[in-house]
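Please look over the sequence and the structure before reading on.

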Amino acid sequence: MSESSVSVVKVIRCIVCPTGCQIKAISKGSEISFEGYACKRGLEYAEQEYYEPKRILTTTIRVENGFLPLIPVKSNEPILKDRLRDALNEIAQAEIKAPIKMGDVLIENILELGVNIIASRDLGKH
Ligand code: SF4
C-alpha cells in the first residue's frame, strides 16, 4: 500500500464565462491538479484562484469638503486577497478633497502593488 491518497481540496466555480464550470483542485501526494475545466482560460483561472486569489476591492473614502461625506471607490485591478485588509487600513487613513470625477486616481500604487484606487462616481463640493 504505497499509493498516495487523492482528495478534492477545493472546488472553484469558474467565472470567466457564463458556463460556470465547477473546477476541482485535487491533491495527490504533494501534487495539485485541476479537473472539470472546459478550456484553457478556466484552467488559468483555477490556478490563479487556488494559488493567488485576488479580488477587486470596493469601499469608501472620507471627503473633507464634499457634497456627501464619503465617496465609493474601487481598485482598478484585483488585489491579492491576503493584502485586502492592509489596503483597507491604508484607505481608512485617507481623506480627500472634492471636487472628484469618476475614474480619478485617489490613491496611486497602494501598498506598492501596482494598483490604483479610483473614484466610482463624481462628487462635487458642498
Ligand atoms: S472553464 Fe472555460 S468554458 Fe468553463 S466557465 Fe471557465 S471559461 Fe467558461
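The report covers the overall fold, the nonpolar cores and the ligand shell.

The model is predicted. The chain holds 2 helices and 10 strands. In sequence order they run β-β-β-α-β-β-β-β-α-β-β-β. The radius of gyration is 20 Å, well over the 14 Å that the globule rule gives for 126 residues, so the chain is more spread out than a compact globule. Along the principal axes, the C-alpha trace spans about 75 × 30 × 20 Å. Of the 126 residues, 17% count as buried. Among contacts with a separation of 6 or more, 46% join residues 24 or more positions apart.

The largest nonpolar core has 13 residues, and Ile71 and Val73 touch the most other members.

What does Ile71 touch, leaving out residues up to four places away in sequence? Its contacts are Thr60, Ile61, Val63, Gly66, Ile100, Ala119, Arg121 and Leu123. Another core, of 7 residues, lies apart from the largest one. Among its members are Ile12, Ala25, Tyr37 and Ala46.

Now the ligand. Around the ligand stand Cys14, Val16, Cys17, Thr19, Gly20, Cys21, Tyr37, Ala38, Cys39, Arg41 and Gly42. By class, this shell has 7 nonpolar, 3 polar and 1 charged residues.

Methods:
Residues numbered from 1 in each chain as written. Predicted model: local features only at pLDDT ≥ 70, side-chain atom pairs only at ≥ 80, totals over all residues. Core = buried A, V, L, I, M, F, W, Y, C linked by C-beta atoms within 7 Å. Buried ≥ 20, exposed ≤ 12 C-beta atoms within 10 Å, placed from the backbone. Contact = placed C-beta atoms within 7 Å. Near = placed C-beta within 6 Å. Nonpolar A, V, L, I, M, F, W, Y, C, P; charged D, E, K, R; others polar. Helix = DSSP H or I, 4+ residues; strand = E, 2+ residues; numbered from the N terminus. Rg over C-alpha atoms; globule rule 2.2 N^0.38 Å.
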